[in-house]
Amino acid sequence: MEGRPADDSVLIARAVRGDSAAYEEIVQRYQQVAFRTAYVVTGSAPDAEDAAQEAFVKAFRALDRFRPDAPFRPWLLRIVANEARNRVRSSGRRQHLELRLAEGFRPGDAAPSPEAVAVAADERRRLLAMVNALSGDDRLVISCRYFLELSSEETAAALGVPEGTVKSRLSRALARLRPRVQEAANA
Amino acid sequence: MPDLEDQLTALAPALEWPSTPNFLPFHREESAQARSSGLLLPTQWGGGAQRWRGLLLPIHREVSGEAGRRGRTLGRNRWALAAAAVFLIAALLLAYTPTRKAIAGWINLHTTIQRVEHPPTPSPLPSGPLGSQLGLGTPTSLSDAQAQLSWKITVPSSLGAPDVIYLQMPPVGPSGGEVTLVYASRSDIKVSGQTGVSVLITEARGKVDENFFYKVLGPDAHLESVTINGRPGFWISGSPHEFAFQDASGDFRQETLRLATNTLVFDHNGTIVRIEGDMTKEQALQIATSLG
């Protein structure tokens, strides 16, 4: 088994028994998705850091009450998102989440022409601008599903709503985005 | 043109995210602080997860279940642990600077303290009797409250019999129950504009990892460690601070934030006691030392 990552359930069982390395591995495994989930909820990196940090502590404290047969990631993300929402509520304001494109991003396609690269970058920029222009709720559900690549269950946990609500919210958000994208493509 | 969902999925790797902090050094730093403060007993605590757990352990233990077993293991050292815990939170708060948005800390008095630059705005208190306004539970008598609890309620001799008593049991209150003694007015302690009474004394017990109280301190609130009958506690004074209590689902809710006046929190024979009122530290200590 050397070199193969342990299952979450194995790590959790070890952490509950007092194995610090096991929980450290869990933190390392999920810190990026936890932080980014908190970021899309708060729209603020410092708030996201505080929320994720507190969530890891709370999750650790509640670990012995975690159901071993349940998936860990949605459970953790629910705690993270709750912490993030509490921070938004307590500060009385939600930062406008403005997603940006990474400078110099190159997709994995083999040697595209400079023109193709420019066109693709322009299309990405336009699409992201349209996402950024959506309402907060639409942007949040799209960010969770497509940018963080969360499952329906995880998105529901992050949004604090039932899975069915995620599907309807996502469908409505896409319905609002689609005509804008088509209009831009036809222009 | 690709499907919209495919376009969105393809956008994901092109996004720029704020760099993810490494959350492990936070824990290690906390553990290191705890070790240096004497909170941890490495030969007894063993690995790091136990160290984290050690940071979170309250000074009192429930008598049954795993918590009770853990409590008995640590029983001899609990005062040392608690004293060190107070030291730890003091160290954390001293480290506060306005440039750091928030420093979260916790101490072993079932209390979470968060120091923030801009405290949140508390919700308006609900209308109705004091118990529902302040989330104290249901009114009862001392004997009825005592009959429902496995631990002894203590009444401060310096204040005498309380005017009203509230009881809060699980799931809203801590697992061991919570009692609040209300002193509507006392000649030497003015009625607080925050609570509408002179003194509130809350006594609570629960499991190892339960938090009873959650406090948010702005830059103008002062926190000081104190010793009451040789046991650790802390005194919060200055600007009114935010105090959150649990809702019916047992969660700490920001919506239930209210402003609290000066507060003394300490351990009294395994019961966490919280004395709140518009009073001086000396007055609070006098009440605390007069508990039966």
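How many salt bridges are there over all chains? The count comes to eleven, where a salt bridge is a side-chain nitrogen of Lys or Arg within 4 Å of a carboxyl oxygen of Asp or Glu.

This is a predicted model, in which local features need pLDDT of at least 70 and side-chain atom pairs count only at pLDDT 80 or more, while totals for chains, interfaces and linings use all residues. Residues are numbered from 1 along each chain as its sequence is written, chains are lettered from A and ligands numbered from 1 in the order in which they are written, and side-chain values use heavy atoms, with hydrogens and water left out.

**Stop 1: chain A, Asp8 and Arg29**

Select Asp8(A) and Arg29(A), whose side chains form a salt bridge at 2.7 Å, N to O. Asp8(A) lies in helix 1 (residues 8-16) of chain A and Arg29(A) in helix 2 (residues 20-42) of chain A, so the pair ties together parts 21 residues apart in sequence. Helices here are DSSP runs (H or I, at least four residues) and strands are runs of E (at least two), numbered from the N terminus. Asp8(A) is buried at 18% relative accessibility; Arg29(A), at 31%, is partly exposed. Buried means under 20% relative accessible area, exposed over 50%, and partly exposed in between (1.4 Å probe, protein chains only).

**Stop 2: chain A, helix 7**

Next select Glu154(A) and Arg73(A), another salt bridge, at 2.7 Å, N to O. Glu154(A) is in helix 7 of chain A and Arg73(A) in helix 4 (residues 72-91) of chain A, 81 residues apart. Glu154(A) is buried, with a relative accessible area of 10%.

Now show helix 7 (residues 152-159) and helix 8 (residues 163-186) of chain A, which pack at about 95° with axes 8 Å apart. Axes are lines fitted to C-alpha atoms, for helices over the stretch in contact, and angles run from 0 to 180 degrees between N-to-C directions. Residues of helix 7 of chain A that meet helix 8 of chain A include Ala156(A) and Leu159(A), and those on the helix 8 side include Val166(A) and Arg169(A).

**Stop 3: chain B**

Switch to chain B, with nine helices and 14 strands. Of its 292 residues, 54% count as buried. Select Asp278(B) and Lys190(B), which form a salt bridge at 3.6 Å, N to O. Both are in loops of chain B, 88 residues apart. Asp278(B) is partly exposed at 30%, whereas Lys190(B) is exposed at 56%.

Notes. Contact = heavy atoms within 4.5 Å.
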